[in-house]
Amino acid sequence: MRKLLFQSLFRPPFTEQAPAPDDAAVNELASAVGNAARRRLGRSLSIREVDAGSCNGCELEIHALNNAYYDVERFGIRFVASPRHADVLMVTGPVTKNMREALERTYHAVPNPKWVVAIGDCARDGGCFAGSYAVVGGVSAVVPVDLHIPGCPPTPTAMLQGLLALLERVDAGAVAP
Amino acid sequence: MPSLIDLMLEGRKVPQHSPWPRAMVDADLWKFAAGELARGRWSLLDQWAEPASVHMAIMDGLTAEIATVSLDCPDHNYPSVGLHHPPALRLERAINDLFGLTAEGLPDARPWLDHDCWGVGFPLGNRVYGLSKTSPYRFLPAEGDGLHQIAVGPVHAGIIEPGHFRFTASGETVVRLEQRLGYTHKGIEGLMMGADLERAAALAGRVSGDSTAAYAYAFSKAVEAALQLAVPDRAVWLRALVAELERLANHLGDIGAICNDASFTLMHAHCSVLRESVLRASHRAFGHRLLRDVIVPGGVSHDLDDEGTKIIRAMLGNIRLRFPALIELYDNTASLQDRTVDTGVLTPALAKQYAAGGYIGRASGRSFDARRTLAYPPYDSLRFEVPVLNEGDVNARVWIRVREVEQSLSLIDQILDRLLQGPLRAKVERLREPREGMAIVEGFRGDVLVWLRVQDGRIERCRLRDPSWFQWPLLEAVIENNIVADFPLCNKSFNCSYSGQDL
């Protein structure tokens with residue numbers, strides 16, 4: 001173990017440059033988000049992730065956000081274990097009817113101010129599962145959503161761009177249009 | 001003693017079913033087959049239904065012969081297999097939830113996938129659903145002094161799929177674990193009915209994200225079996241390459257994640273870097289980090305160019321350079337070994353009874369690997385070993401993955417060496433008569449089974465069976481007498497699919 005740790009001192013880090021925040025995301029947030037109180041949160045975001053029936057593909061790429069290449073924690077973005085500790089609820093999946101209540105309860109357990117980020121194509125409107133007897137059809141059909149990050153699944157870079165846009169809006173204390 | 005072939009001869013053979021036979025049987029033959037499963041002579045590969053019939057796919061453990069028996073259910077019931085053979089219990093509960101077919105004698109009649117949230121009963125069946133009051137889900141009791149219950153989920157503390165775990169504990173020790181799944185049920189088999197092949201293939205690849213390539217592979221092979229379609233050579237080899245890349249990425253991620261669940265984050269950090277290198281190579285070579293939509297009926301949708309080949313070889317070289325030091329670290333960290341050795345032991349007897357596949361079965365003495373036992377091309381021309389251990393603990397499941405990483409590295413090299421030029425995809429014809437096909441492909445967590453009936457380019461019925469159906473119940477067995485804190489370790493060493501099981 002000591003050898004591995006020692007070696008890391010002499011090798012360049014894997015961590016890559018932060019991507020520019022996504023334009024589409026910034027625009028969506030500009031219209032959805034507007035509250036001067038958010039400036040008080042400072043430059044960090046705590047995220048609670050909820051899988052509302054996804055295929056698990058989005059979860060794999062969300063995990064990748066925490067690896068050495070993307071290193072989302074360097075931006076002050078971290079994943080927390082309880083909705084009580086969260087600023088952001090990150091939701092994947094079309095919202096299966098079996099997960100509807102759990103998602104609602106988790107949303108209500110997140111203290112204000114809070115934002116909801118819907119990850120993936122099926123989180124937007126049910127995606128390829130839309131129309132099934134078992135699916136509600138998009139996170140916004142269950143809880144209000146501030147930001148959608150599309151993809152099947154979205155790449156970690158795409159998610160990072162969306163999250164950085166969210167961070168900018170929060171930090172800038174966006175005013176409602 | 002009758003063989004599987006004898007059983008088939010007794011029934012009425014269904015034409016246009018490929019590659020293994022399917023036969024209609026009567027209730028007596030059905031019960032006889034259930035008995036042979038219970039006696040351990042045969043393994044249950046799957047049990048599924050249609051609105052008016054129920055099917056069982058069976059494998060002879062000794063000869064590896066495979067066959068499907070079907071029973072008509074004009075009265076919406078059939079003799080329960082789960083009554084004699086526990087691996088069928090959840091399958092029969094799910095069949096009732098979706099099709100309204102009752103397994104007579106089923107000891108556990110509680111719903112499995114139906115949480116009373118759909119607004120419709122028996123959604124895929126043809127039975128008229130009478131509105132009835134449903135009582136809350138009853139968890140199984142455990143009696144004793146000083147027992148307490150711990151309820152976990154469906155929302156879990158990490159970035160992970162949802163499911164409910166009800167622990168009964170005595171102090172720190174787990175007395176009973178009961179799972180309740182179904183939270184991610186999306187009704188995929190319902191969406192498949194009537195879908196054209198392109199949509200159906202896309203759905204198949206979205207059943208379980210970490211096995212998207214394995215599912216697409218199994219679905220495509222089932223279509224090709226049904227239509228008697230020959231896949232071009234280059235595509236046959238590229239498909240195996242894609243499947244091995246998926247296996248590699250998952251195993252590397254899991255080895256680190258298991259260590260992470262024992263709080264050894266250094267392994268997780270380094271393994272995540274190696275996993276990321278596989279995903280990037282996959283993206284560069286085939287256009288998608290998780291290899292989604294690359295394997296399609298008829299062949300593959302994306303070619304491998306020289307640049308992609310170079311990047312894959314560089315990725316293999318890097319893993320060969322970095323991986324041994326990580327394994328040495330795993331093996332030499334006493335505090336980590338203390339957590340993983342002798343924890344979550346799965347007995348070989350249970351693995352055999354449930355026909356548990358993947359690293360779970362192979363860490364408990366069950367040597368079945370579809371790539372070897374069923375030898376589908378190109379694996380019949382490739383050199384590889386199937387590692388098997390008998391200890392069945394978390395440590396054994398880590399070591400099987402380590403060995404399979406080594407095998408996958410070698411397999412990818414061999415495939416790149418022998419890849420020939422040629423077309424990527426055969427044209428998929430629309431045939432007027434109904435055709436049935438079945439395929440079994442070794443995904444990273446075990447064998448994925450797909451059965452389907454296709455007519456005129458549309459899916460009439462498609463069954464997608466995740467290996468986790470025969471792994472989830474075993475997790476309840478292995479956690480017994482372990483401490484609660486070891487549950488994440490056992491759970492991650494199993495790494496069953498929620499979405500794959502729930503469908």
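Two strands are said to pair if DSSP finds at least two bridges between them, and strands (E, at least two residues) and helices (H or I, at least four residues) are DSSP runs that are numbered from the N terminus. This is a predicted model, in which local features need pLDDT of at least 70, side-chain atom pairs count only at pLDDT 80 or more, and totals for chains, interfaces and linings use all residues. Residues are numbered from 1 along each chain as its sequence is written, while chains are lettered from A and ligands numbered from 1 in the order in which they are written.

**View 1. An open sheet of 5 strands in chain B.** The strands follow the order 1-3-6-5-4, with mixed pairing, and strand 1 (12-13) and strand 4 (42-50) are the edge strands, each of which pairs on one side only.

**View 2. Strand 5 and strand 6 of chain B run antiparallel.** Strand 5 (residues 53-60) is joined to strand 6 (residues 66-72) by 7 bridges, and B:Ala57 has B:Thr68, in strand 6, as its bridge partner.

**View 3. Helix 3 (residues 89-99) of chain B packs on the sheet.** Helix 3 touches strand 4 and strand 5 of chain B, where contact means that the C-beta atoms of two residues, placed from the backbone, lie within 7 Å. The direction of helix 3 makes about 10 degrees with that of strand 4 of chain B; axes are lines fitted to C-alpha atoms, for helices over the stretch in contact, and angles run from 0 to 180 degrees between N-to-C directions.

**View 4. The contact between chain B and chain A.** This contact takes 40 residues from chain B and 38 residues from chain A, and helix 8 of chain B gives the most to the side of chain B that touches chain A, with 5 residues.
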